[in-house]
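Please examine the sequence and structure shown here.

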Amino acid sequence: MLKWTKIAVAGLFFVASTAMAAGSKIAVVDMERALFQSDGAKASFKQVEDQFGDDLGKIKQLEKEMMESQEKLQKDGAIMSDEEQRKIRNNIKEQQSEFKFFAGKLQQAEQQWRQQFFRANLPRLQDILKTLIEAEKVDIVLNGQAVIHVVPDLDLTKKLLNKLNEASAAK
């Protein structure tokens with residue numbers, strides 16, 4: 001892992017130093033962050049949340065019940081019989097299993113939504129980014145997720161987010 005990190009940093013340094021020597025303008029953009037923070041993404045995800053609202057409610061209820069059971073076990077455990085303690089512990093285990101099931105289901109739904117939303121919006125995102133690159137007269141664009149530090153003036157992510165929101169509002 002460390003070897004690949006060193007190679008990536010060396011590669012970025014090489015690209016940056018070559019570009020600097022040639023007088024090129026370098027910028028950074030995190031396309032995923034811009035897309036998923038956009039108003040369109042928020043509205044789309046709200047629909048997913050509405051679709052899985054029952055599961056979210058079930059998770060919150062299970063979490064509350066588990067906390068109450070654990071508190072009861074801690075508070076009254078010394079005066080409970082072994083049978084009562086075992087019953088509460090078994091109940092907590094069942095609730096944890098159910099919680100993991102619903103949480104996994106929601107996590108999978110969110111991952112599917114993210115993939116579908118990104119694929120569906122990628123052409124529009126690329127078009128807007130291309131226009132922004134031309135307007136800013138940028139020669140090289142680096143992935144913002146791979147960059148450790150960037151001067152805010154060279155980060156196009158916020159500008160891309162604004163353009164995405166403007167395009168969504170125009171629809």
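Q: Over the ring of which residue does the charged end of Arg 114 sit?
A: A charge sits over a ring if NZ of Lys or CZ of Arg is within 6 Å of the ring centre and within 35 degrees of the ring normal. The charged end of Arg 114 lies 3.9 Å from the centre of the ring in question. That ring belongs to Phe 36.

Q: On what basis are these values given, and how are residues numbered?
A: The model is predicted, with local features needing pLDDT of at least 70, side-chain atom pairs counting only at pLDDT 80 or more, and totals for chains, interfaces and linings using all residues. Side-chain values use heavy atoms, without hydrogens and water, and residues are numbered along each chain as its sequence is written, from 1.

Q: How many aromatic pairs are there?
A: Rings of Phe, Tyr and Trp (its six-membered ring) pair if their centres lie within 6.5 Å; planes under 30 degrees apart are stacked, over 60 edge-to-face, and the rest tilted. By this rule the count is five.

Q: What is the angle between the planes of Phe 36 and Trp 113?
A: The rings are 5.6 Å apart, centre to centre. Their pair is tilted, and the angle between the planes is 55 degrees.

Q: Is Phe 36 buried or exposed?
A: Buried means under 20% relative accessible area, exposed over 50%, and partly exposed in between (1.4 Å probe, protein chains only). Because its relative accessible area is 14%, Phe 36 is buried.

Q: Which residues do ring pairs link into a cluster?
A: Phe 36 also forms a tilted pair with Phe 117, at 6.1 Å and 40 degrees. The cluster consists of Phe 36, Phe 45, Trp 113 and Phe 117.
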